[in-house]
Amino acid sequence: MLKLNPYKIGFRTLKTAVGITLGVILAKWIGLDNYASSAILIVLCIKHTKVHSVQAIVSRVVSCVLVLLIGSLIFSLLGQNAVVLGLIVLLFIPLTVMLNVQEGVVTSCVILLHVFNAKTINLHLIINELLLLTIGLGIAFIMNLIMPSLDKKLLDFKREVESGFKEIFKSYSEACTNYNNDLVMSFEKIQLDIRKAKSIAFRDVKNHFGRNENSYYHYFDMRQEQLELLRRIQPLIHQITVDDPLIEDIANLLAEIGENVNSNDYTALRLHSLYEIRLSLDELPLPKTHHSLRSRASMMQILNELEEYLNIKSQFGSLRLHSEI
């Protein structure tokens, strides 16, 4: 059964519509032949990011100028017929691949067809096509300079991830206190949010010509490492089956980390609390049964995982936006 997607006008669609309108009006006002073809150039060059837009424009400038010169020369020598047209395409496409400008093949074919259909191949035709390129690619570049800020989306993902981390620590703390060995945690949603956020952060880098990294990307990368450590803690909690003087301290530490899970938490204080628990181990009696020994070993391993969790955060520091640097 055919399923329709929700109707939505995105920002890129709006830019494309405005760009096409301006391009056709300007090309027609100047009096260019095939003025409507400027719309094709604009549609093909509207991209998701500024960097990709520049790359697309450069590819199309090189390939279009190349095909304009090659087409004008070969058509003048061999005539404007379908066989010659096919021969030019046969030679031209491998040439664009060799020059790494194959992205401009479709646009180049539009220019090539203009030359193919021209009554006379002369300087006027070449100037007309170059002006079409200038208008189409120029307006596309201007449209791509207008990009919505992604900071709000990234901030929303940051809040979602931190909220998920808090819930995990809260559940772990309660499980330690209540000896809940049936605790089952789901990490899929947080993992998915982190992946989406990293993808958006990477796209944000491509929207800035003078930047090759994004603080948010490193932040979510850090959270991804920490999430893996939280996964490893869950089976350790299941192995805590007997009462132990250490369990209350670990439960409090888990709750304390959960309450300060945001990007500006005081990691050094959490590490200090963790080291105090380790020092207190010297004063505790040794486990006397197999179950108590296994529980104590699991709690010590939880401390190791939490130490690594805090060290990862300590190495990251604070989240700083590019505008604040």
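Tutor: Residues are numbered from 1 along each chain as its sequence is written, and side-chain values use heavy atoms, without hydrogens or water. In this predicted model, local features need pLDDT of at least 70 and side-chain atom pairs need pLDDT 80 or more, while totals for chains, interfaces and linings use all residues.

Student: Why is Asp-193 called buried?

Tutor: Buried means under 20% relative accessible area, exposed means over 50%, and partly exposed lies in between (1.4 Å probe, protein chains only). Asp-193 has 8%, so Asp-193 is buried.

Student: And what makes Lys-189 exposed?

Tutor: Its relative accessibility is 52%, so Lys-189 counts as exposed.

Student: How do you know that Asp-193 and Lys-189 form a salt bridge?

Tutor: A salt bridge needs a side-chain nitrogen of Lys or Arg within 4 Å of a carboxyl oxygen of Asp or Glu. Here the closest N and O atoms are 2.9 Å apart. Both residues lie in helix H8 (residues 188-205), 4 residues apart, about one turn of the helix. Helices are DSSP runs (H or I, at least four residues), numbered from the N terminus.

Student: How many salt bridges are there in the whole structure?

Tutor: The search finds 11. One of them joins Asp-221 and Lys-198, with the closest N and O atoms 3.0 Å apart. This pair links distant parts of the chain: Asp-221 is in helix H9 (residues 215-238) and Lys-198 in helix H8, 23 residues apart. There is also a network of salt bridges linking Lys-152, Asp-156 and Arg-159.

Student: What ties Arg-270 to Glu-256?

Tutor: Their side chains meet in a salt bridge, 2.9 Å from N to O. Arg-270 lies in helix H11 (residues 267-280) and Glu-256 in helix H10 (residues 245-259), so the pair ties together parts 14 residues apart in sequence. Arg-270 is buried at 7%, and Glu-256 is partly exposed at 23%.

Student: Why is the pair of Phe-165 and Tyr-309 called tilted?

Tutor: Rings of Phe, Tyr and Trp (its six-membered ring) pair if their centres lie within 6.5 Å; planes under 30 degrees apart are stacked, over 60 edge-to-face, and the rest tilted. These centres are 6.4 Å apart and the planes are at 40 degrees, so the pair is tilted. Phe-165 is in helix H7 (residues 151-178) and Tyr-309 in helix H12 (residues 290-316), 144 residues apart. Phe-165 is buried at 0%, and Tyr-309 is buried at 2%. Phe-165, Phe-169 and Tyr-309 form one aromatic cluster.

Student: How do you know that the charged end of Arg-223 sits over the ring of Phe-165?

Tutor: A charge sits over a ring if NZ of Lys or CZ of Arg is within 6 Å of the ring centre and within 35 degrees of the ring normal. The charged end of Arg-223 sits over the ring of Phe-165, 5.3 Å from its centre.

Student: What is Ile-30, buried, exposed or partly exposed?

Tutor: At 43%, Ile-30 is partly exposed. Ile-30 is found in helix H1.

Technical notes
Helix = DSSP H or I, 4+ residues; strand = E, 2+ residues; numbered from the N terminus.
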